[in-house]
Structures are given as structure tokens and as C-alpha cells.
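Dear colleague,

Please find below the structure that I am handing over to you, together with its sequence. My findings follow directly after it.

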Amino acid sequence: MAIRDSVSNALDAFRELGSGLDPTAVAGFYSESPAFQFYENGALRYESAADVRAALEGLGPGMRVTTEYSDTDIEALAPGVALVRSLFESTVEGEGGFAFTYSGAMTAVWVHEADGWRILSGHTSAPVPRGGAEDGAP
């Protein structure tokens, strides 16, 4: 239970920092481990925390990313290791009324490092239409 509560607090801090006026503030939540990988929609998107930082910096000034998580499950896998599974909805807003919203599912392995909980590996995906399958089966 202690790991779940601790990771839940870290996820809340991650969400709050990411929703601020400086989305790069969350960069510290990504592990500097050489084992780091993050996937998006079935493809390896970031091979290092530096890749994530560069993408966040690429959003430019005035961009704001607000994310809400739902149906979140945090499972302690071992001391200092947890799996987070959640649905999410993110809204990206910029200057001049620019905005879009996207949603999907996220899984992430969080590890406890010297500075606290960090994301070691993760994946986000958006729903994909299944070509007429009514029950969602492939």
C-alpha cells in the first residue's frame, strides 16, 4: 500500500507540473537510465529522457498541456518498482486560441531512484476504429 500511495503522489505531481505554464517542468520525472524507452501508438517514440525533454521544449512558449487520468491502477511489482495503468485525456492549448484534445490509455513502469519516483518505460495509445467489429474484438 505504501508504494501505491507514494507513486500516486508522484503521478499527481507529474500531472500538476505538466499542466503548468512550463510543460518542460515534468522532464525530471523521466529516468536518465540507459534502459529508458517510451512508446506512442505502437512505435518507439523516445529512447531517452533527453528525447522527451527535446519534445517538451519543442512545444514552444505559451503551450499548456492539461491531463486528467481515470480508472488508474497502480501495482507494486517489487520494492522500488511499480506499474501504472490508466486512461487519460489531454488538452493542448496555445496562444491565439489554439487547442486540441486527445485521449487514450497509458501504461508506465515507475522506479524509485535517488531523487524519487521516475518513469523508466511507458506507452500511450489512442483508440483505433476496428473496422466494424461491434464488440471491440480484433
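I begin with valine 7, which, apart from its neighbours within four places in sequence, is in contact with Ile74, Ala82, Val84, Trp110 and Trp117. Please bear in mind throughout that this is a predicted model.

Helix H1 itself consists of 17 residues. From its first C-alpha to its last it reaches 24 Å, close to the 24 Å expected at 1.5 Å a residue. Its buried residues are Val7, Ala10, Leu11, Phe14 and Gly18. These cover an arc of only 100° around the axis, and therefore lie on the same side of H1. Strand E3 (64–78), strand E4 (81–93), strand E5 (99–113) and strand E6 (116–125) are the elements against which the buried residues of H1 pack. On the face turned away from that buried side, H1 carries the exposed residues Ala2, Asn9 and Glu16.

Two loop positions also deserve a description.

The first topic is serine 19, which is found in the loop between helix H1 (2–18) and strand E1 (37–40). Is serine 19 buried or exposed? Serine 19 has a relative accessible area of 10%, and because buried means under 20%, it counts as buried. Its side chain reaches the backbone oxygen of arginine 15 at 3.0 Å. Beyond its neighbours within four places in sequence, serine 19 is in contact with Arg64, Val65, Thr66 and Thr67.

The other topic is glycine 62, located in the loop between H2 and E3. Leaving aside its neighbours within four places in sequence, glycine 62 is in contact with Glu93, Gly94 and Glu95. Glycine 62 and glycine 96 are separated by 34 residues in sequence, while their C-alpha atoms are 9.9 Å apart in space.

With kind regards

Note on methods:
Residues are numbered from 1 along each chain as its sequence is written. This is a predicted model: local features need pLDDT of at least 70, side-chain atom pairs count only at pLDDT 80 or more; totals for chains, interfaces and linings use all residues. Side-chain values use heavy atoms; hydrogens and water are left out. Helices (H or I, at least four residues) and strands (E, at least two) are DSSP runs, numbered from the N terminus. Buried means under 20% relative accessible area, exposed over 50%, partly exposed in between (1.4 Å probe, protein chains only). A polar contact is a pair of N or O atoms within 3.5 Å; within protein, one must be able to donate a hydrogen and the other to accept it, and residues adjacent in sequence count only if both atoms are side-chain atoms. Contact means heavy atoms within 4.5 Å. The expected span of a helix is 1.5 Å times one less than its number of residues. The arc is that of the directions from the helix axis to the C-beta atoms.
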